[in-house]
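Work through the following exercises with the sequence and the structure open beside you. Each task is followed by a solution that goes step by step.

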Amino acid sequence: MKAKPSITTFQYGILIVGALIANGIFTLPRVVSQDAGRSAWVVIAFVGLVVFGIAALAHLVASHYPGQDPAEWSLTLLGPVLGRLWLFSYLIKSCFFAVLTAKIYAAIVTSRMLLTTPSSVIAAIVLIVSVMAVLAKLGGLARFSEVSVYVWLPLLTLFVQIIEHDQFYLLRPIFGDASVSDLFKASRQAAYSFAGFDILLFAYPHLHKQKAPLRTVLWAMVFVTAVYVLTTIAATTFLGLEQMTRILAPTLTILSIAETSIVERIDSIALFLWMGIVVITAATQLYMGTRALQGIIKGVSYHKTIMTLGSFLLVITWGDTPLREVVAVSAIFGDFDLSFVAISVVVFLVLIYIKKASQKNAPFT
Amino acid sequence: MHGNSIHGDTNVVKGVGVVNLWQKIKDLLDGDDYIEDKHSQVPLQGFANDLKYLKSTLGHALDFVTREFQLGVTGKRVAVLYIKSLADETKIASEIVLPLTSLAALIDDPDVRHKPHEAKQVLSASNITELTDLKQAIDGLLIGHTIVLVDGLRVALDIDSRAKLGRSTTAAEIETTILGSKVAFVEDCEANLSLIRQGVHSPKLCIEKFMFGSTDSKRAFLLYIQDLAAPDMISELQERLQAVQVNELKEINYLQSIIGISPLSPFPQAVYTERPDRVTGNLLEGRLAILLDGSPEALVLPIGFSDLFQSPADYYNHSLVTVLMRGLRFLGFLLATTLPAAYVAAVTYNYELLPTSLVFAVASARSGIPIPPIIEALAMVVVVDILQEGATRLPSKIGQTVGVVGGFVLGQAVIQARLVSPLVVIVVAVSVIGSFATPDYRISGLIRLLRYSLLLASAALSGIGIAAVWFAVLTHMASIEILGIPYLRPVAPLRLSSMSDYIFRKPYRGANPDQSDRLDKEQHL
């Protein structure tokens, strides 16, 4: 079955941005600074570069199957049993990250604003809107992502405004206060913030023009990395390293200090608008999970799969988890997504080249 | 309403056979309307029998006229049948009855049954059809045609004798503009077509006819300009129109949901306009228009959400003025939907959003008010909506009085009684005024729906509730595609080239302004 073209190249990039950016913008500066100290922003830039490399490899795999997504070509490459096993792992990974994303946002909201509301309620709302976004299929999800990113984009200017120029010394010397092992640990924890870029594997077959999308992957990754670096620089220079490592969501704290004549607390507005980005991230994971499930059980309808998966996620999301615990879980499993996708992509590439070579050497083709 | 028609003999359908009865119950349970088979025929069976059949079918109507007379030496009988209230009697007298006397010679011809064409030529009326099916004759009579039965003639003659009913063209009443064309559509489809023709002087204007209703009595016209409208879009709409099976299509407003374009969505997905200039403008932008018999409005599609904020007056104003007005309309929409909810969220949960001086002002305004902000806001919004609904139903002068009494007197009274704070009156008033800023009046229903949803969400979950509702609405809007065109275009997918007539309107210079936003499926996806 050939995927229906429904997204533009620009939307392809926006989907990658939306899938990534919700995971780390509030918590990443603290998580990385804890281990990397002043070098936090360099670690983030480095992880961004590594992720771009993996994304480029993933893109290469996807380009070998222009009309299919991993739910289809994984079975061709790995065979029906191994393929289904891989898809099952993918399903678990997607569900885990969708729930984690919703839970982090819910925990931030209930710890800062709605103190008496159970965080499960907020997480459930995020998941319900995510299910709605996935029901709109990839084209609808891409359009939703576009508008949500546009709505949030102006807030980025505030981070530039917040940077304290006289505290630039906090960003140097780069490697002065962290060992290599600390930097490696910080990189692993930063990896969580880049989870979700693998949506490109699923979005690629839906592209209208499958030309030059690697450039799109590049700008999307550069954009996300730049936002993470910018927020980390702003948080580091404004709060200082010691204070920053004590705050769970330093980015929100610095926004709460920013003032305008109309709105006193920008962080609240940022949190409201951020829901759109969180929904994109959870929805892209949910979309990947849905397609994986459809690959495992052939012939099941798209809508029924989403509704089933969404209901399942709603059930497992229930229960309040404090923000500190959710952030800790994300830091522990931060590199799981990246490792899983990186290993899968390399294996797939090898298999593709073996398959090509065997076809080339076959006596009669 | 895509019901499957029950084919076969009408008697069989009406019978009490267990299988047919079960089929009918099943169809009703499935939500499919029972549709009488329009293909069954009642063939002509001789002058006397045919006349008897027509009289027995329509004879109970007071305005059904049967004029019988004998012609020629042989005294052959002729019957002229029509419905007085639908047909033009002067035309019948001069173009049908009078020429029939010339038919006397023909009637005397023993081979008359083989010469229906000659009989046709005798009549001076244009648009004469030969019928062999009496059901078609009844259909013709019901739309104002005259049926002529001649003893010995093997066909019945159906002659278009429709009276010019209804009104002549008048000025637009709903979509009024200060500048530009004033004329509005009327109930007569032909008149509406000619109004559109006056605006589009192009041989590429295509007009296609579709028949609706159990008796094929309702005509709809699909209009588009070849080479401007995308072929995929045209063929999709043609297929949808051809698939329509309804017993009765009263108004063009039903057509949008009948042709199956997101019938469950509360968002307007087609422009219903009474202005021919708006239709011609849209046709020139590559859109499609539908006219329906008896409807003084045209349906234009596909549209995007942004089209709901455009007014015909935009094209008569300077582009900068247009930019300002469109921005204000969109702001009006946002205020109308979100302001009461934002007020409730701000004074209940998120007072940290407000500057300190404003927090004190709000607190002093609310001091002594016994009811919580949500009840206060909800009560005011409900009262204003009831007033608005009441004013719409009443004659204009009384409606204005109701508006004044409701708006000023009631508002002043509740503030003095300290039932609500003056702030909530201001908030609700701004919200209601904002809802009037949108040029498409159909959006007011959507505004109310969103206003209530947002109010309840803000009371439950503060600004997070408002964000949740808006993002849910946004996912819904992102999911809508009308004839393959995304509802959120040109914002999502982003098309900078199409922005020239979105919030901005480029000044007219050089290129044909009407084609600046030409819809092209490939371009927008």
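**Exercise 1.** Determine how many contacts beyond four places in sequence the model has for residues 31-38 of chain B, where pLDDT stays under 50.

*Solution.* Begin with the terms: pLDDT is the predictor's confidence in each residue, from 0 to 100, and two residues are in contact if their C-beta atoms, placed from the backbone, lie within 7 Å. For residues 31-38 of chain B the model has 27 such contacts. A further stretch, residues 521-525 of chain B, also has pLDDT below 50, and the model gives it 15 contacts beyond near neighbours in sequence. Where pLDDT is low, the predicted coordinates should not be read in detail.

This is a predicted model, in which local features need pLDDT of at least 70 and side-chain atom pairs count only at pLDDT 80 or more, while totals for chains, interfaces and linings use all residues. Residues are numbered from 1 along each chain as its sequence is written, with chains lettered from A and ligands numbered from 1 in the order in which they are written.

**Exercise 2.** Find where confidence is lowest and where it is highest in chain B.

*Solution.* Chain B as a whole averages a pLDDT of 79, and 81% of its residues score at least 70. Helices here are DSSP runs (H or I, at least four residues), numbered from the N terminus. The lowest mean, 34, belongs to helix 1 (residues 10-14) of chain B, and the highest, 94, to helix 17 of chain B.

**Exercise 3.** Identify which helix gives the most residues to the side of chain B that touches chain A.

*Solution.* The contact takes 26 residues from chain B and 31 residues from chain A. On the side of chain B, helix 17 (residues 443-479) gives the most, with 14 residues. For the complex, the predictor gives an ipTM of 0.91 and a pTM of 0.81.

**Exercise 4.** Decide whether Leu141(B) is buried or exposed, and list its contacts.

*Solution.* Leu141(B) lies in helix 7 (residues 134-142) of chain B. A residue is buried if 20 or more other C-beta atoms lie within 10 Å of its own, exposed if 12 or fewer, and partly exposed in between, with C-beta atoms placed from the backbone. Because Leu141(B) has 23 C-beta neighbours inside 10 Å, it counts as buried. Leaving aside neighbours within four places in sequence, Leu141(B) is in contact with Leu58(B), Leu81(B), Tyr82(B), Ile83(B) and Ile147(B). Ser161(B), 20 residues apart from Leu141(B) in sequence, is 9.5 Å apart from it in space, C-alpha to C-alpha.

Methods. Helices (H or I, at least four residues) and strands (E, at least two) are DSSP runs, numbered from the N terminus.
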